[in-house]
Amino acid sequence: MYKIAVIPGDGTGPEQVREGLKVLNAAAEKFKFRLETVHYDLGGERYLRTGEILPESVLHELKLFDAIFLGAIGHPDVAPGILEKGLLLQLRFQLDLYINLRPVKLYPGVSTPLKNKKPEDIDFVVVRENTEGLYAGSGGFLRKGTPYEVALQESVNTRFGVERCLRYAFEYCRSKRERKKLTLCGKTNVLTYAFDLWQRAFYEVAKEYPDVQTDYAHVDAICMWMVKNPEWFDVIVTDNMFGDIITDLGAMIQGGMGIAAGANLHPGQVSMFEPIGGSAPKYTGQNVINPLAAIGAAAMMLDFLGETKAAKSIENAVASVCRDKLKSLNAGEMGYSTGEVGDLVAESL
Ligand code: IPM
Ligand code: MN
């Protein structure tokens with residue numbers, strides 16, 4: 001039995017989560033495990049109503065679950081940054097979810113904007129550091145509002161934080177990937193402190209993984225090659241900011257936000273699973289959003305919990321629905337409603 005905290009969140013989050021749970025329950029029946037879910041109404045609505053974003057008591061409770069299933073955070077009536085920093089990033093930091101794992105996989109039948117690229121060309125995973133870098137919140141203003149204003153935003157890179165991220169990436173490459181090629185994505189030609197540390201740690205840890213082939217590329221070149229030669233990549237490891245940027249590019253080449261799923265992990269502790277797209281307020285409540293990203297996140301959750309067969313079956317079901325049923329992955333163009341896509345995956349399972 002697994003205890004799952006469910007945070008449907010804002011906008012289309014609740015619709016996505018509903019379909020994710022539908023598929024999780026179908027998997028539980030088939031693979032003979034049980035899920036106990038507790039819903040939390042965190043998000044923009046609660047903030048507007050009560051002023052609360054992430055109460056201490058809720059944070060404490062969340063630590064007692066096996067996993068957290070998150071819909072989306074972001075509300076049109078709340079200023080940008082408040083919910084993102086107060087809720088999503090707070091959960092990542094407070095639960096020390098130091099890995100953001102984002103697979104970029106093109107399923108057969110899904111159209112990619114990359115001309116002549118096929119499913120076998122687009123199949124890699126980004127391991128994004130999730131607790132440090134520019135996201136750490138280090139910096140501040142001097143003389144704010146004057147003509148001599150200074151804004152500092154510092155990238156924090158600790159040997160401990162970088163090394164645990166690298167070690168995760170090497171382990172992941174060794175245990176989950178056939179090609180076992182790990183590319184460090186950095187900017188050693190300009191960020192000569194931060195990525196000096198990353199690069200030294202990378203090649204030191206690499207000595208313990210002779211079976212993993214290593215490579216290095218600057219982040220700008222990675223953007224170029226993700227478009228031109230995505231088949232070069234197997235696993236990419238990078239810092240928080242670069243990881244944020246390249247995974248949106250990754251989401252687009254795998255067919256869009258409708259299918260892009262991610263996991264915020266701390267191996268051995270409660271971890272959080274989410275579709276990586278936002279709350280898409282304009283589609284809220286219309287039953288047109290694509291739930292496959294949330295369903296993919298649910299599969300990642302099962303894999304993390306050790307239900308690897310169930311996770312694989314969900315992935316296969318998603319692949320077959322993409323191949324045989326959906327006209328497009330875009331909201332409103334799928335040929336099916338949100339609920340029907342969830343039904344299709346559950347039936348296929
Ligand atoms: C993501 C999102 C978040 C991030 C935002 C909403 C804070 O873009 O999960 O990639 O920048 O990490
Ligand atoms: Mn992002």
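Author: One term to start: a polar contact is a pair of N or O atoms within 3.5 Å. Keep in mind that this is a predicted model.

Reader: OK. How far is an oxygen atom of ligand 1 from an N or O atom in the side chain of Arg 92?
Author: The distance is 2.7 Å.

Reader: How much of ligand 1 does the protein bury?
Author: The protein buries 75% of the 320 Å² that ligand 1 exposes when taken alone.

Reader: Which residues are around ligand 1?
Author: They are Glu 84, Leu 88, Arg 92, Arg 102, Arg 128, Tyr 135 and Asp 244. By type, 5 are charged, 2 are nonpolar and none are polar.

Reader: Which helix gives the most to that shell?
Author: Helix H4, residues 82–94, gives the most, with 3 residues.

Reader: New topic: domains. Which ones does the shell draw on?
Author: Domain 1 (1–100 + 257–349) and domain 2 (112–254) each supply at least three residues.

Reader: Last one. Which pocket does ligand 1 take up?
Author: Ligand 1 takes up the second largest pocket.

Notes:
Residues are numbered from 1 along each chain as its sequence is written. Chains are lettered from A and ligands numbered from 1 in the order in which they are written. This is a predicted model: local features need pLDDT of at least 70, side-chain atom pairs count only at pLDDT 80 or more; totals for chains, interfaces and linings use all residues. Side-chain values use heavy atoms; hydrogens and water are left out. A residue is near a molecule or strand if one of its heavy atoms lies within 4 Å of it. A polar contact is a pair of N or O atoms within 3.5 Å; within protein, one must be able to donate a hydrogen and the other to accept it, and residues adjacent in sequence count only if both atoms are side-chain atoms. Accessible areas come from the Shrake-Rupley method with a 1.4 Å probe; for residues, only the protein chains shown count as cover. On a 1 Å grid over the protein atoms alone, a cavity is a set of points where a 1.4 Å probe fits but cannot get out, and a pocket is an open set with protein on both sides within 12 Å along at least five of seven lines; lining residues have an atom within 4 Å of a point. A molecule sits in a cavity or pocket if more than half of its atoms lie within 2 Å of its grid points. Helices (H or I, at least four residues) and strands (E, at least two) are DSSP runs, numbered from the N terminus. Ala, Val, Leu, Ile, Met, Phe, Trp, Tyr, Cys and Pro count as nonpolar, Asp, Glu, Lys and Arg as charged, and the others, Gly among them, as polar. Domain bounds come from an automatic or database domain assignment.
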